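Here's a quick briefing to read alongside the model. Keep the viewer open as you go through it.

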Amino acid sequence: MLDPTERSLLLDALRPPDGYRLDRAIGTTFSLDLQALLIAPLAFAMFDAEMSEDGALDPIALLEATRRHANHMSIFCQAGRISVPKSYQRIYTQIEGSVHGVTASHAGGIFHPKVWALRFTDPGEPMRYRLLILSRNLTFDQSWDTVVRLDGQRSDTGDRRAAARLQNKPLVDFIRRLPRLAGSPLPLEERAAIDEFAAQLRDVEFERPTGCNKIRFIPLGLGGSHRSPFVDGHRRALVISPFLSANLLAQVTRSGSGHVLISRQEALDELDPITLASFEQVYVLDSPVTPEDDSTDGIELSGLHAKVFVLDKGWHASVLAGSANATDAGFGRNVEFMVELTGGKARLGVKSVLNEDQTEPVSLINLLVPYESPDNALVAESPSAHLERTLDRLRHAAGAVPIKATVTTSEASGVYSVLITSEQPLLASDEPATLSCWPITLGSGHQHQIQPDANLDITFPQVSFEAITSFIAFQLEASHDGKTGRVQFVVNATLEGAPEDRPQRILSSMLDDKGKVLRYLLFLLADPDAHLGAISQLLAGGNRSGPGESSHQRVDVPLLETMLDTLANNPDRLDPIARLVEDLAKTEEGRQLLPDGFEDAWSPIWAARQELQQ
């Protein structure tokens with residue numbers, strides 16, 4: 001439990017079981033990095049994504065994984081918390097329909113859960129389900145976090161199904177509530193898919209982790225009655241949280257003794273001595289810390305982002321993990337999600353989690369140092385902290401306003417314009433702030449300032465086809481006590497008027513010569529368990545063409561023989577090729593990209609594949 005040498009990557013946690021494929025994914029996060037979101041389809045597709053020296057993902061693998069899975073994902077994040085990408089990638093068009101900004105139900109609260117619900121299928125086998133309850137956001141942050149992974153199948157007996165439904169009801173209610181928190185309505189088809197998934201989750205019997213005999217799901221901030229995990233009384237408590245509030249800590253320490261607190265130096269500095277005195281031991285991470293273990297892959301982790309509560313109760317103990325900080329907001333106003341694992345104290349208790357007996361060579365206690373107060377006095381809030389809170393409040397309010405991006409075009413010129421509108425103001429005139437926006441495809445040099453107390457109504461003329469996007473960037477500037485702060489964020493607008501063949505034309509622009517299409521076809525035909533090194537070399541090979549020589553002339557492979565072999569041995573691998581050919585064939589540009597003579601060879605092969613399916 002909380003073994004720092006057992007490093008788990010989100011990429012691995014999202015991978016389907018052997019032989020299975022992702023059928024549906026629902027993810028929640030507070031903040032969202034669009035580049036980080038692209039990791040999820042790669043995991044679902046079970047591609048061993050290689051990165052180039054500059055950190056870029058293999059483009060062929062990324063394109064296919066995103067095309068294959070974007071329509072099966074629903075990602076919910078706090079409105080105003082999508083980060084502006086450093087550079088625009090055309091592949092972002094594939095995930096525009098997957099991202100939804102949401103807000104908390106309670107005034108002043110935020111949407112803060114970090115949960116993935118996954119459904120996997122394998123023909124002839126029962127569906128498999130997985131639930132990930134995390135403390136980390138969908139970003140590239142390298143702080144210390146936790147993940148609870150629960151795998152299961154739908155129960156097939158009456159008594160066990162009844163027990164599963166009782167246990168899973170809070171989880172099901174949480175999933176079903178997500179679409180109602182969105183600023184803009186989700187498409188009916190997506191809402192129906194989410195509701196169907198939630199209904200199936202009712203009957204899932206999740207496998208209990210080692211040492212756990214009971215699982216309890218605890219969604220917070222959505223209304224209804226939820227018993228506080230701290231009211232039953234406990235003999236000892238361990239609190240791990242990067243953010244703290246005195247009132248919540250007082251609830252935890254109201255009963256028992258010998259309590260332990262682990263947090264950040266800055267958060268502890270803000271607590272009063274009385275609150276700190278209620279804990280027998282107070283620690284901070286010996287940062288930066290990296291366990292001397294191959295599991296970290298040389299990554300240096302710094303900072304604490306994990307949220308864990310361990311409560312000793314006689315011979316038993318409970319471990320609560322998830323998104324809620326040890327704050328009043330975390331267990332009050334915010335939308336959060338926690339899981340409680342109950343079992344024997346020998347494995348799940350405070351002493352075991354900390355490894356106080358030093359039974360393991362590397363454990364949590366080895367990564368900690370005692371907290372030392374700088375002056376034993378309460379640290380007052382700085383002007384910078386006040387400014388940061390103001391910017392957060394304003395960005396969440398502005399990001400929650402539904403906006404629309406309407407595309408119009410002149411048929412004669414083929415040039416587009418994009419009108420960004422809202423039905424209510426994004427910024428009040430009495431706020432000490434300014435707000436501007438621009439499509440993320442154009443860059444901040446094209447930003448237009450938004451008038452306070454006025455509905456958004458800005459036109460971006462002379463926009464190219466490739467620059468059409470639903471992702472609109474905003475820049476917010478505010479001042480306080482002589483200091484000025486600035487934040488940027490993205491809102492996913494409702495896109496209207498875009499050309500119907502936009503996805504196919506974007507695909508053609510990404511596969512802009514026959515060589516890239518040929519290499520894409522080879523990738524789809526490759527063994528999914530094979531390493532991508534050869535594919536990456538083929539992709540790079542296109543850049544070695546000589547003057548006047550198209551990249552497809554550099555690739556010499558028996559495509560026809562490869563497709564025939566696939567038809568005989570792995571016919572299902574032809575299905576993604578059919579989808580690619582269908583999409584390219586919808587536009588003249590796409591048809592011109594298919595390798596010479598490909599359609600004559602493909603037609604009988606695909607006909608044979610269809611006969612096998614009958």
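How many nonpolar, polar and charged residues are in the lining of the second largest pocket? By class, that lining has 14 nonpolar, 16 polar and 16 charged residues; Ala, Val, Leu, Ile, Met, Phe, Trp, Tyr, Cys and Pro count as nonpolar, Asp, Glu, Lys and Arg as charged, and the others, Gly among them, as polar.

Before going further: this is a predicted model, where local features need pLDDT of at least 70 and side-chain atom pairs count only at pLDDT 80 or more, while totals for chains, interfaces and linings use all residues. Residues are numbered from 1 along each chain as its sequence is written, and side-chain values use heavy atoms, with hydrogens and water left out.

**The chain overall**
- There are 19 helices and 23 strands in the chain; these are DSSP runs numbered from the N terminus, with helices being H or I of at least four residues and strands E of at least two.
- Of the 614 residues, 51% count as buried (buried is under 20% relative accessible area, exposed is over 50%, partly exposed is in between, using a 1.4 Å probe and protein chains only).
- Residues 24 or more positions apart make up 71% of the contacts with a separation of 6 or more (contact means heavy atoms within 4.5 Å).

**The second largest pocket**
- About 1600 Å³ of space lies in this pocket; the volume is the space filled by probe spheres set on grid points, which are joined across faces, edges and corners.
- A pocket here is an open set of points on a 1 Å grid over the protein atoms alone, where a 1.4 Å probe fits, with protein on both sides within 12 Å along at least five of seven lines; lining residues have an atom within 4 Å of a point.
- The lining takes in 46 residues, and Ile110, Phe243, Glu388, Arg389 and Asp392 lie nearest the centre.

**The eight-stranded sheet**
- An open, mixed sheet runs in the order β8-β14-β13-β12-β9-β10-β11-β15 (two strands pair if DSSP finds at least two bridges between them).
- β8 (212-220) and β15 (368-370) sit at the edges with a single partner strand each, so one side of each has no neighbour in the sheet.
- β8 and β14 (residues 336-344) run antiparallel, joined by eight bridges, and Pro219 stands opposite Phe337.
- β13 (residues 316-322) is mostly covered, with six of its seven residues buried.
- Seven bridges tie β13 to β14, again antiparallel, with Val319 opposite Leu341.
- On the β12 (residues 308-313) side, six bridges make an antiparallel pair with β13, and Phe309 faces Leu320 as its opposite number.
- β12 and β13 form a hairpin with two residues between them, and Gly314 in the turn has a positive phi of about 65°.

**Helix α17**
- α17 (residues 574-584) is mostly covered, with eight of its eleven residues buried, including Leu574, Ile577 and Asp583.
- Its buried residues are covered by elements that include α4 (59-69), α16 (559-569) and α19 (598-613).

- Asn355 has a phi near 60°, sits in the loop between α11 (350-354) and β15, and is buried at 5% relative accessible area.
- Asp481 has a phi near 50°, lies in the loop between β21 (471-480) and β22 (483-492), and is exposed at 59%.
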